[in-house]
Amino acid sequence: MQGLSGLLLVLFVWAHMFFESSILLGKDAMLWVTHMFEGVHVFGEPYPQLVSAAALVVFLLLALHAGLALRRLPARAREYRAIHTHLRSIHHADTTVWYVQVVTGFALFFLASAHLIQVMLQPDAIGPYASSDRIWSGRFWILYALLLITVHVHAGAGFYRLVMKWGPLTAANAAALRRRTRTLAIFIVGFFLLLGGASLATYMKIGYEHRALVGERYVPGSHADLNGGE
Amino acid sequence: MKPTPMQTIPLKQSRTLRIEILRHNPADPDSHPHLQVFEIEEAETMTLFIALTEIRQTQDASLQFDFVCRAGICGSCGMLINGRPGLACRTLTRELPDTIRLAPLPGFELIGDLSVNTGKWMRGMSERLETWVHRENIEAIDIDAVEQRMAPELAEQLYELERCIECGCCIAACGTAQMHEDFVGAAGLNQIARFRLDPRDTRSDADYYELVGDESGVFGCMTLLGCEDYCPKNLPLAVQLAFLRRKMARQGL
């Protein structure tokens, strides 16, 4: 169950990255994606409640995943001492990767919750200007930068560990599969950090340029003077 | 006298090894754990077994460590070598730095210095997981009859898993086993995989699920893969664990 909830969260986060990075294709592309999640393309008008509902589902999944993961953590002083002595002694890559997941997971419990609660409470505050204003003028870039790094390290490590846990290992392919999965996981983490970093920088830039008009929503074709004629 | 050509060839400088050994005798109330340093001259193809034997013979006769076969078969000489589990008899000193720190395997009862009671742990695990062939109606078997034949491929597979020497390295390398004393570890789960394969054992997956289908069994494993990486016999432990996990998860559904 922990693995399954983790897998769903990983797939969600990776898909999320592609949607939020639509800003790299321009404000109109991001607005189209925003409208898609608000049901505009289906109902003809926006229903931001849909975004809240989706965030709630992810939040519940996160709570389940965190609850299940807690069982794995050292609970007693003896266990805590034992695992730290072990980590310091063995310097073993996969054990260290697990520990990185423990630390990032703990951080994500707060960072991801903060992000999801914001989305749940302000589902209509997503858009080319609304998001950028929040990120720059609302200083949410601090949260998002921390979240970006921790979530991708956690998800990439989780992906590798899930494959090793359940994967189609055979005596003949085990070593090669492990090597390839590790390489793939590192590549995926790097890719999403670049994609997410570029998106965040773009939102920050738009937010900075739009700082005088915080609260104004993006209307396609307007404010050619502010957005460089796009 | 002029040196002969042979005498002019420089001999390889041999190292002086600094061997730090964690010493403690739990039977002695005055003993407290401490590191004792020994220095010995390294020899060609010296293993830690040779080094420790030399220390015991020439420097400190009270040093406790276990050896039987000195060939990686008996599983007695597992210890932490610079923090990592391994067999002393299969570890060449030339693969190690000048300073070598040795400690007993964690997770087992300490007998003294580098000697731990892996046998007690393995016996407990074996009794708990019932690692012997279970056969229904055993009284009805005609022991004079020729044994049932086994396909060579299956015999090979069984033999591959049977190679475990119960040295305890997988338990010492496992963060889960270090945290949770009741976790059966790769040594235990490998045994279940072995008897599951054996056609002479009539137990079903439901029976195995009763034994390892919980947090102290296969679902307690966190896939840290220390067992896979430090097994001195290179058993395919990651493969067996993933396989057993899939089978037991299916059984549990």
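## A pocket and a helix pair

The residues lining the second largest pocket divide into 19 nonpolar, 9 polar and 6 charged. Keep in mind that this is a predicted model.

How big is the volume of that second largest pocket? It comes to about 840 Å³. There are 34 residues in its lining, and the closest to the centre are A:Thr85, B:Leu105, B:Pro106, B:Gly107 and B:Gln178.

Which element gives the most to the lining? That's α5(A), with 7 residues. Helix α5 of chain A spans 77-90, and along with it β1 (16-23), β5 (99-103), α5 (169-172) and α6 (175-179) of chain B each supply at least two lining residues.

Now over to a pair of helices in chain B. The axes of α3 (residues 118-129) and α7 (residues 185-197) of chain B come within 10 Å and cross at roughly 40°. That makes α3(B) and α7(B) oblique to each other, and α3(B) passes α7(B) in a right-handed crossing. Here's who does the touching on each helix:

| Helix | Residues in the contact |
|---|---|
| α3(B) | B:Met122, B:Met125, B:Leu129 |
| α7(B) | B:Ala187, B:Gly188, B:Gln191, B:Ile192 |

For the lining of the second largest pocket, by comparison, the list does include charged residues, 6 of them.

Methods:
Residues numbered from 1 in each chain as written. Chains lettered and ligands numbered in written order. Predicted model: local features only at pLDDT ≥ 70, side-chain atom pairs only at ≥ 80, totals over all residues. Heavy atoms only, no water. Axes fitted to C-alpha atoms, helices over the stretch in contact; angles between N-to-C directions. Helix = DSSP H or I, 4+ residues; strand = E, 2+ residues; numbered from the N terminus. Parallel < 35°, antiparallel > 145°, perpendicular 65-115°, else oblique. Left-handed = near helix turned anticlockwise from the far one by under 90°. Contact = heavy atoms within 4.5 Å. 1 Å grid on protein atoms, 1.4 Å probe; cavity = no way out; pocket = protein on both sides within 12 Å on 5 of 7 lines; lining within 4 Å. Points joined across faces, edges and corners; volume = space filled by probe spheres on them. Nonpolar A, V, L, I, M, F, W, Y, C, P; charged D, E, K, R; others polar.
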